[in-house]
Amino acid sequence: VRYEATRTSSVDRALAWREGMIDLNGTTLGDAAEEFNRYNDRKIVISDPSMVGEQFDGLFRIGDPEGFALAVRGSLNANVNMDDPRWIRIERAP
């Protein structure tokens, strides 16, 4: 029974996009940025190569890359630059 519950939640996470959501569960920032960039014109760029492999968890709306960037800023103490309407740049804070 426990296996079935874990399997179901894994399937639910994988299909979150059908509900307009991106479910990140230990996903690297690099992979998360790629996922958001598939759905949005405003692209997320992880400017600091040392952050690309950082893992991140959370449930986000597909069309809210800004919300994702702000969550990264709060969780990983990152700098987020949203001055350019085409890009969101994320880098490690000094």
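Which residues have the most contacts inside the largest nonpolar core?

1. Basis. This is a predicted model, in which local features need pLDDT of at least 70 and side-chain atom pairs count only at pLDDT 80 or more, while totals for chains, interfaces and linings use all residues. Residues are numbered from 1 along each chain as its sequence is written, and side-chain values use heavy atoms, with hydrogens and water left out.

2. Core. I44, F68 and I90 have the most contacts inside the largest nonpolar core, which has 19 residues. At least two residues of this core come from each of β1, α2, β2, β3, α3, β4 and β5; α2 gives the largest share, 4 residues. A nonpolar core here is a set of buried Ala, Val, Leu, Ile, Met, Phe, Trp, Tyr and Cys residues joined through side-chain atoms within 4.5 Å. Buried means under 20% relative accessible area, exposed over 50%, and partly exposed in between (1.4 Å probe, protein chains only). Helices (H or I, at least four residues) and strands (E, at least two) are DSSP runs, numbered from the N terminus.

3. I44 and N37. Leaving aside neighbours within four places in sequence, I44 is in contact (heavy atoms within 4.5 Å) with A33, F36, N37, P65, F68, I88 and I90. N37 lies in helix α2, residues 29-39. N37 is buried because its relative accessible area is 19%. Not counting residues up to four places away in sequence, N37 touches R42, K43 and I44.

4. Sheet. Three strands form an open sheet in the order β2-β5-β4, with mixed pairing. β2 and β4 are the edge strands, each pairing on one side only. Two strands pair if DSSP finds at least two bridges between them; β2 and β5 run parallel and are joined by 4 bridges. K43 stands opposite W87 in β5. α3 packs on the sheet, touching β2, β4 and β5, and its direction makes about 10° with that of β5. For such angles, axes are lines fitted to C-alpha atoms, for helices over the stretch in contact, and values run from 0 to 180 degrees between N-to-C directions.

5. Helix α3. The 12 residues of α3 (65-76) should span 16 Å at 1.5 Å a residue, and the end C-alpha atoms are 16 Å apart, which agrees. The expected span is 1.5 Å times one less than the number of residues. P65, G67, F68, A69 and V72 are the buried residues of α3. They pack against β1 (21-28), α2, β2 (43-46), β3 (55-61), β4 (78-81) and β5 (87-92). N77 follows α3 and has a positive phi, near 50°.
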